[in-house]
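Here are a few exercises to work through with the model open in your viewer. Try each one before reading its solution.

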Amino acid sequence: MKKSSTNIKQEKSNLLHNFLDKHTIWLILIFFSFVYSLVALVKHNHFQTGLDFGIYVQTFWNYIHFKLPRVTFYPTYGDLVWVDHFTPSLVLLTPLYFLWQDPKTLLVLQSVLFVFGGYPIYLIS
């Protein structure tokens with residue numbers, strides 16, 4: 001039996017609505033991850049990332065070279081990073097920085113992790 005063109009259009013419309021119902025949150029998360037990453041990269045390229053960002057970049061660089069993370073600039077010159085910025089969870093992110101050794105990796109990673117933190121909130125709501 002041949003389907004009419006209206007039935008085919010209705011089936012396509014239903015498929016689209018089903019897809020959007022199931023995947024809207026993922027599309028939103030991916031979109032905002034892209035937007036926040038783009039904003040962070042533009043700010044970085046215009047020298048607006050700040051001193052703390054340099055401290056974290058040095059920390060990751062030291063971790064991937066199996067060295068103790070020391071700060072080589074003001075305010076805690078020569079001290080371990082842990083004196084001022086104690087974040088042991090950064091060790092878990094070190095393999096990602098090892099794959100692409102660029103400060104921009106940290107900016108994109110920060111944006112993606114920040115945005116995808118909205119998914120548990122979506123599940124709770």
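This is a predicted model: local features need pLDDT of at least 70, side-chain atom pairs count only at pLDDT 80 or more; totals for chains, interfaces and linings use all residues.

**Exercise 1.** Does Phe114 count as buried or exposed, and at what relative accessibility?

*Solution.* Residues are numbered from 1 along each chain as its sequence is written, and side-chain values use heavy atoms, with hydrogens and water left out. Next, the cut-offs: buried means under 20% relative accessible area, exposed over 50%, and partly exposed in between (1.4 Å probe, protein chains only). Phe114 has 62% relative accessibility, so Phe114 counts as exposed.

**Exercise 2.** Follow the aromatic rings out from Phe32 and classify each pair.

*Solution.* Rings of Phe, Tyr and Trp (its six-membered ring) pair if their centres lie within 6.5 Å; planes under 30 degrees apart count as stacked, over 60 as edge-to-face and the rest as tilted. Searching the whole structure gives seven aromatic pairs.

- Step 1: Phe32 and Tyr36 have ring centres 6.1 Å apart and planes at 40 degrees, so this pair is tilted.
- Step 2: Both sit in helix H1 (residues 5-45), four residues apart, about one turn of the helix. Helices here are DSSP runs (H or I, at least four residues), numbered from the N terminus.
- Step 3: Phe32 is partly exposed at 35%, and Tyr36 is partly exposed too, at 38%.
- Step 4: Tyr36 and Phe114 have centres 6.0 Å apart and planes at 65 degrees, so they pair edge-to-face. That pair links distant parts of the chain, with Tyr36 in H1 and Phe114 in H4, 78 residues apart.

**Exercise 3.** How do H2 and H4 pack?

*Solution.* Take the axes as lines fitted to C-alpha atoms over the stretch in contact, with angles from 0 to 180 degrees between N-to-C directions.

- Step 1: H2 (residues 51-64) and H4 (residues 103-116) pack at about 110 degrees, axes 10 Å apart.
- Step 2: The helices are therefore roughly perpendicular (65 to 115 degrees; under 35 is roughly parallel, over 145 roughly antiparallel and the rest oblique).
- Step 3: With contact meaning heavy atoms within 4.5 Å, H2 brings Phe53, Tyr56, Val57 and Phe60, while H4 brings Pro103, Leu106 and Leu107.

How values were computed. Helices (H or I, at least four residues) and strands (E, at least two) are DSSP runs, numbered from the N terminus.
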